[in-house]
Amino acid sequence: MYYGSLGVLPKPHLGVLTLFSCKDSSLATRSNLFITPQQLLKFTVGPGKLLVSSKHFRTQRLLSSQTKENHDHAAVADELSAMKSIKPDTDNLRIMELDSGLLPYKDHFEYRMKRFSEQKMLIEQYEGSLEEFARGYLKFGLNREEGCIVYREWAPAAEEAQLIGDFNGWDGWNHKMEKDQFGVWTIKIPDVNGNSVIPHNSKVKFRFKHSNGIWVDRIPAWIKYATVDSTKFAAPYDGVYWDPPPPERYKFKYPRPPKPDSPRIYEAHVGMSSSEPRVNSYREFADNILPRIRANNYNTIQLMAIMEHSYYGSFGYHVTNFFAVSSRSGTPEDLKYLIDKAHSLGLRVLMDVVHSHASNNVTDGLNGFDVGQPTQDSYFYTGDRGYHTLWDSRLFNYSNWEVLRFLLSNLRWWIDEFKFDGFRFDGITSMLYHHHGINMAFTGDYSEYFCESTDVDAVVYMMLANCLIRSVLPDATVIAEDVSGMPGLGRPVDEGGIGFDFRLAMAIPDKWIDYLKNKSDVEWSMNDIARTLTNRRYTEKCVAYAESHDQSIVGDKTIAFLLMDEEMYFGMSCLTEASPAIDRGIALHKMIHFITMALGGEGYLNFMGNEFGHPEWIDFPRLGNDWSYDKCRRQWELVDTEHLRYKFVNEFDRAMNLLDEKFSFLASSKQIVSSANEEDKVIVLERGDLVFVFNFHPDNTYDGYKVGCDLPGKYRVALDSDAWEFGGHGRVGHDVDHFTSPEGLPGVPETNFNNRPNSFKVLSPPRTCVVYYRVEEDIVDETEDDVEI
């Protein structure tokens, strides 16, 4: 029970303070109460009534009736004095200046900023710093200390605990653990004759007894490697003590590549990257797939399914062991090899991190630690709040001190130990709201984002996470997967935002699927396409994509499959004339991906295989397909076969990325759609100083088509989707100079052509996209020719 008046708890809650209470002087249990330092003064203070926590493993102080009363009061007074000095910074909410529409919700922003500031300052006070707090993996789990191995586990509800494993014949009676007042169990196992008692790569588990007297075995929560017996169906995973001797530890050789102005991201799944129907390895991916990615001019890869997950078919999104590398594809040292190899090629590596939920598995996941525990003693909320009905998974208690330590340390672990260059946070929408986005059709009304449905605990966690990442790795890239469009998600924390660099532009693929499934070519609206691609918040960057892994899994279809379907099986040979379906499919595949890149965001993403129009979906081994790996792979031989048309699609993907590498148009804030002509089915746009002409008409060729531009001068073709090397018909001349003509009165846009001060005329064949660049007058012809992609 808690001593003191709980009636002083404010509504809404402000800040987080960890309190301890006890009935007698010997036992203490911890709970997170949300109060301000000032309101703490209202609590009754006395022997055996109030316990205030300080730093774990540093200056823990327990006040009890066993100490003298005057010492109790002095200690508490010291803590209260320190707490009163905390002054959260809520004055700087620059986000309001960027969007006056947020002003009615200023109280909400001030509230969550106070919550964030108070939580951060409490961490700094009791743990030293946010960065130090996030080094939890050096204390929890199994770690080498001088002359011994120390194992710590947070399990407040456990009554007894042991460490078991191969090293003691799975009998833990000689390796009992001790519990401290914070619910942390500890055991030190001294070396014998200078050697570790627990051998590297041996199996271990945490055995503990619940209040019902039943003993259970669980994989340590902070385990750094977990394996399964692949010869046994549905075999449980085992925790593995991973501490290779120095000669076997991978040593990084290459520095992180510099952060690009705009990420061109290749989303990849290592396990399904083989041409063969099997699980691919980290080293095979590094040696065979990374060179393909670099050859196509991507500058970033985003790796899925890295954190250990017992069910392969979850795509890596039902995580069981958060600090462990997925053992299906190799060891931690193998993953380090992959990342180092990527860095050597100039590729940055992002991790698809899942902190939105956890696997519901009991025997091999975190879910096994909370049997019979109240929320304050668990990684997850209890009851309905702790369970995601659609995902069949558990939901974290983001207000809990130890959960914050666990998740923040998890981020730092992957940055420090494996040299990841950033993260793509999965399932952010589920975190942002108590309703998790279920049955919600977000309309853009700000009241949908800033209301009682907002999960401020989760918002504060994400703010802390982004602060930590920036501190540990200032040039990290951090992306949020959010379908709701919450304002401020992509603004810095110190402005009142949540702190992500980018959000995924998730409405774009939905639009393309709708068009390809439900509309004929002549029904496509140029204005609707342009509006969808440009519909993003000012000053909040987006990563655009036409399709990701979501559009590639069984039950859906890739864009290539939607366009060409079964004809891909027999109509992709260059030895025969392309059918109308194949000709249309290849042309529109190039156009859809290119206009998405050109207009949809400040970054671009493609999923593995879609760069060459992979013909089939992904179907992970499951009961419904007799556990087959046949469609859980990538058929690289299709793009490598010289007489197949897949090579054309792949070559255009390479050229798209090369165009951005040369002109940096993705990073340009200059983005203008000067024309979206419904009758002509033509979109003309400028990105940077490039002029893009997209002709979506299925039949019409426009000779001498007038397009507007900003700068006067001479323009030439930089990229042409109709070129022979991209499977086109070669109808546009690349050696033609296009000279501009002035339009209207200088400085009076309404008198210009499509509000552009200059114009030039082009040839625009049907279903083509052509990009023009301005030729500087002092550049000789040889250099001009080199610019063409």
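**Exercise 1. Work out how helix α14 and helix α16 pack, and which residues make the contact.**

Step 1. Find α14 at residues 580-599 and α16 at residues 646-663 in this predicted model. Helices here are DSSP runs of H or I with at least four residues, and strands are E runs of at least two, numbered from the N terminus. Residue numbers start from 1 along each chain as its sequence is written. Since the model is predicted, local features need pLDDT of at least 70 and side-chain atom pairs count only at pLDDT 80 or more, while totals for chains, interfaces and linings use all residues.

Step 2. Look at the axes: they sit 10 Å apart, at an angle of about 20 degrees. (Axes are lines fitted to C-alpha atoms, for helices over the stretch in contact, and angles run from 0 to 180 degrees between N-to-C directions.)

Step 3. Name the arrangement: α14 and α16 are therefore roughly parallel. (Under 35 degrees counts as roughly parallel, over 145 as roughly antiparallel, 65 to 115 as roughly perpendicular, and the rest as oblique.)

Step 4. Pick out the residues in contact, meaning heavy atoms within 4.5 Å. From α14 come Ile586, His589, Lys590, His593, Phe594 and Met597, and from α16 come Val649, Phe652, Met656, Asn657, Leu659 and Asp660.

**Exercise 2. Which residues of helix α12 are buried, and what covers them?**

Step 1. (Buried means under 20% relative accessible area, exposed over 50%, and partly exposed in between, with a 1.4 Å probe and protein chains only.)

Step 2. Now look at the cover, which includes α11 (507-518), α14, β26 (671-677) and β27 (682-687).

Step 3. Zoom out: of the protein's 789 residues, 60% count as buried.

**Exercise 3. Is Thr443 buried or exposed?**

Step 1. Locate Thr443 in the loop between α9 (428-432) and α10 (456-472).

Step 2. Its relative accessibility is 62%, so Thr443 counts as exposed.

Step 3. Find Ser484, 41 residues from Thr443 along the chain: their C-alpha atoms are separated by 8.6 Å.

Definitions and conventions: Side-chain values use heavy atoms; hydrogens and water are left out.
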